[in-house]
Amino acid sequence: MYAKTLLVGGLGGILLACALPMAAWAAQDGHHRGETTVTCGQIITRSIKLANDLHNCRGIGLEVGARNITIDLNGHTIDGSGGALPFNGIDNTPEGSSRTGHSGVTIKNGTVTEFGAGVSLGDGADRNHVRNILATDNGGAGIVARDVDRPHISDSATDSARFGIFIESVTNARVERNAALNNSDEGIVVTASRRTVLHRNSVVNNRGTGIFVTASSTSTLIDDNDANGNGQGNDGGSGINVTATDAATVIRDNRARNNDEFGIRAELGVTDGRGNRASGNGNPAQCLNIRCRP
C-alpha cells in the first residue's frame, strides 16, 4: 500500500491523509453505511461519500452529473494514469458527457493525482466549493476554475503541477487558506477575472511567481498571503506579481520572503493597502510600487 500525507500548518489546519490500497471496484453501495463504491469515469448524480480509492484511471476520474450535490472523497484518492493526458480527476465542465458544468456542487476531503487537471470547474459550474483537497502531481493545474461565477476554493493544497490554482474568466472567486507548493510555473494565477479575493494563501517554492494577477483582471483583493522561496526556475519570478492597473485592485498585509526577484511587484495604479512585509528577496528594493517593511 502506498500512502501520502500532507500537513500544512497555519492554514486552517489542513490535514490530508491519502492512500492507494487495493480497491474493490463496483458501481454499488459500499460495505460501510452511507458510503458508495465508485469506478473510474463514473457520472455522479447524487450526493455521495466514497468507500474506495480509484487507481490508474485512463480517462476522467469522476464526472459531476447533477447540480446541488456533494462529492465527499472521504479521505480516498482518485488516481489517473499520468498528468500528460488531457483528462480531469474530478470534472465539472462542459467537456463531460452532460456537456455543461453543474452549479451548487461541493467537492471535498481527499486526494486527486496524476491527471491533466486535478479538479476542473467549467461553464455552468457556478457556486461550487472545493475544500480539503490535495491535488498533487497533475500535469496542468491542481485546481482550475474557468468561465464560472462564485467559485470558492479553500483549505486545499496543490503540489507538483504546472500551476497550483488557475482562475480564468471568473467573477467573484474566493480563494482562501490554500497552499500552492513546488509547482513548475506559478502557484496561483488569476487572469481575465473580476472581483477575486485571495486571502491567507501560502505559495512556497514554485519555480515561477508565487501569486500572479494579470493585467486583464480587475478588482482583485490580495490580502494576508505568504509568498516564500518562489522564482527558482530558469525565468525567475517574484513572490507576488500584479500587472493589473486598476485602483480597485488592493494589495495589503502580505508577507514575501526569499523570492528570486521582488517580494511584491505591482504596476502603478493599484491600491497599496499597506501592511505588506518583504525581506531576503533577490531585488534589493524588495518591493516595486508597493511600500513594504521588513
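An open sheet of 11 strands runs through this predicted model in the order β3-β6-β9-β11-β13-β16-β19-β22-β25-β28-β31, with parallel pairing. Its edge strands are β3 (42-44) and β31 (287-288), each of which pairs on one side only. Strands here are DSSP runs of E of at least two residues and helices are runs of H or I of at least four residues, both numbered from the N terminus. Two strands count as paired if DSSP finds at least two bridges between them.

Because the model is predicted, local features need pLDDT of at least 70 and side-chain atom pairs count only at pLDDT 80 or more, whereas totals for chains, interfaces and linings use all residues. Residues are numbered from 1 along each chain as its sequence is written, and side-chain values use heavy atoms, with hydrogens and water left out.

The protein chain has zero helices and 32 strands. Of its 294 residues, 54% count as buried. Buried means under 20% relative accessible area, exposed means over 50%, and partly exposed is in between (1.4 Å probe, protein chains only). The accessible surface of the chain comes to about 11,800 Å², and carbon and sulfur atoms account for 46% of that. These areas come from the Shrake-Rupley method with a 1.4 Å probe, and for residues only the protein chains shown count as cover. Among contacts (heavy atoms within 4.5 Å) between residues at least 6 apart in sequence, 47% join residues at least 24 apart.

Asn92 has Leu121 of β11 as its bridge partner.

Strand β8 (residues 77-80) gives another example of parallel pairing. Strand β5 (residues 54-57) pairs with β8 in the parallel sense over two bridges, and Leu54 has Ile78 of β8 as its bridge partner. Strand β10 (residues 106-113) also pairs with β8 in the parallel sense, over three bridges; here Thr77 stands opposite Thr111 in β10. In a regular strand the side chains alternate between the two faces of the sheet. In β8 both faces are covered: Thr77 and Asp79 on one side are buried, and so are Ile78 and Gly80 on the other.

What lies in the interior? In soluble globular proteins, nonpolar side chains tend to be buried together. A nonpolar core is a set of buried Ala, Val, Leu, Ile, Met, Phe, Trp, Tyr and Cys residues joined through side-chain atoms within 4.5 Å. The largest such core has 53 residues, and those with the most contacts inside it are Leu62, Leu73, Val119, Ile167 and Val242. Strand β12 (residues 129-136) gives the largest share of this core, three residues. Apart from this core lies another, of six residues, among them Ala141, Phe163, Phe166 and Val189. Leaving aside residues up to four places away in sequence, Val119 touches Ile90, Ile107, Val112, Val130, Ile133, Gly142, Ile143 and Val144.

A polar side chain is also buried. Asn230 lies in the loop between β24 and β25 (240-242), and at 0% relative accessibility Asn230 counts as buried. A polar atom of the Asn230 side chain lies 3.1 Å from the backbone oxygen of Val203.

Charged pairs come next. Side chains of opposite charge can pair when their charged atoms come close. With a salt bridge defined as a side-chain nitrogen of Lys or Arg within 4 Å of a carboxyl oxygen of Asp or Glu, the count comes to 10. One of them joins the side chains of Asp226 and Arg255 (2.8 Å, N to O). Asp226 lies in strand β24 (residues 226-228) and Arg255 in strand β27 (residues 255-257), so this pair ties together parts that are 29 residues apart in sequence. Both ends are partly exposed, Asp226 with a relative accessible area of 24% and Arg255 at 23%. Salt bridges that share partners also join Asp155, Arg174, Glu176 and Arg177 into one network.

Arg162 forms a salt bridge with Asp185, the closest N and O atoms being 3.6 Å apart. This pair links distant parts of the chain, 23 residues apart: Arg162 is in the loop between β15 (157-159) and β16 (163-168), and Asp185 is in the loop between β18 (179-181) and β19 (188-191). Arg162 is partly exposed, with a relative accessible area of 42%. Arg150 and Asp149 also meet through their side chains in a salt bridge (3.4 Å, N to O). Arg150 is partly exposed at 46% relative accessible area, and Asp149 is partly exposed at 21%.

Key. A polar contact is a pair of N or O atoms within 3.5 Å; within protein, one must be able to donate a hydrogen and the other to accept it, and residues adjacent in sequence count only if both atoms are side-chain atoms.
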